[in-house]
Amino acid sequence: MAEQEQQPDDRPRPRYGELAPPGWVWHPPADADRLDTSRRVDDETEAREHTAPAGSPTPPEGGYYSQNARPDRPAPTWNLTLTILLTVFGFFGMSYSIATLQAIPASMQLLHSTNGLGEYTPAPVVGTLVLAGSITMAAVWAVSAGIGAWLLVKRRLAFWVPLVAGIVAMVALLIFAGAVLATDPVLLGFYGGVTPSTTTPTP
């Protein structure tokens, strides 16, 4: 009896529905095509997180976002328009400042001629100061334009960059202009109240 129980069962396995009662036919349920609305959105999101590949970014609350979308809040629309307008205005301001700085020696010559201070001879350092000031103001505008463009690409606030650059350029213009004027002690003495001494001829 024990040997019969240990022998393998070689009988063929019943097929699907072979052992069903005579006349029985299987029919799918009426709601088989109905969407399963019993599951909550949180359950589906949790299931997606478990099935997401390793190393993929964690989606924010409320669903997934595309790879090109930014999870943080983008800059407002007016930021682009205002930044471009201020950058263009800064370019014209930079051009005007450079022209003003380069015209200072000619203006000093005119002041000498108008006030009878004699011929104006620029100091050797005047040309260097004018060139350095022009390069500085052009570099300030170029750097501000590059930073502003980079912030616009990153969708961040960038309108403040040309404003700060304008203040820096104005300070640089005043510094270099004052340095050029400081090379002319005659003109400084005239506007400081020190007039050149004149000798009265004796009869």
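**From surface patch to core**

In this predicted model, a nonpolar patch on the surface is formed by Trp78, Leu82, Leu157, Trp160, Val164 and Val168. Together they have about 540 Å² of accessible area. H3 and H6 are the elements that give two or more residues to the patch. H6 provides the largest share, 3 residues. Trp78 lies in helix H3. Its relative accessibility is 46%, so Trp78 counts as partly exposed; the exposed class needs over 50%.

Now turn to helix H4, residues 104-114. Its buried residues are Ile104, Pro105, Met108 and His112. These cover an arc of only 100 degrees around the axis, which puts them on the same side of H4. An α-helix has 3.6 residues a turn, so residues three or four places apart point the same way. The face turned away from the buried side carries the exposed residues Ala106, Leu110 and Thr114. What covers the buried residues of H4 includes helices H3 (77-102), H5 (124-153), H6 (160-181) and H7 (185-191). Just after H4, Gly116 takes a positive phi of about 65 degrees.

The largest nonpolar core has 20 residues. Those touching the most other members are Leu101, Ile104, Met108, Val126, Val130, Met137 and Val180. H3, H4, H5 and H6 each supply at least two residues of this core. H6 gives the most, with 7 residues.

Take Leu101 as a case. Leaving aside residues up to four places away in sequence, Leu101 touches Leu129, Val130, Gly133, Ser134, Met137, Leu173, Phe176 and Ala177. In soluble globular proteins, nonpolar side chains tend to be buried together.

Conventions:
Residues numbered from 1 in each chain as written. Predicted model: local features only at pLDDT ≥ 70, side-chain atom pairs only at ≥ 80, totals over all residues. Heavy atoms only, no water. Buried < 20%, exposed > 50% of the residue type's maximum accessible area, 1.4 Å probe, protein only. Helix = DSSP H or I, 4+ residues; strand = E, 2+ residues; numbered from the N terminus. Arc of directions from axis to C-beta. Contact = heavy atoms within 4.5 Å. Core = buried A, V, L, I, M, F, W, Y, C linked by side-chain atoms within 4.5 Å. Patch = residues over 30% accessible without salt bridge, like charges linked within 9 Å, V, L, I, M, F, W, Y side chains within 5 Å. Areas by Shrake-Rupley, 256 points an atom, 1.4 Å probe, with all protein chains shown as cover. Salt bridge = Lys/Arg side-chain N within 4 Å of Asp/Glu carboxyl O.
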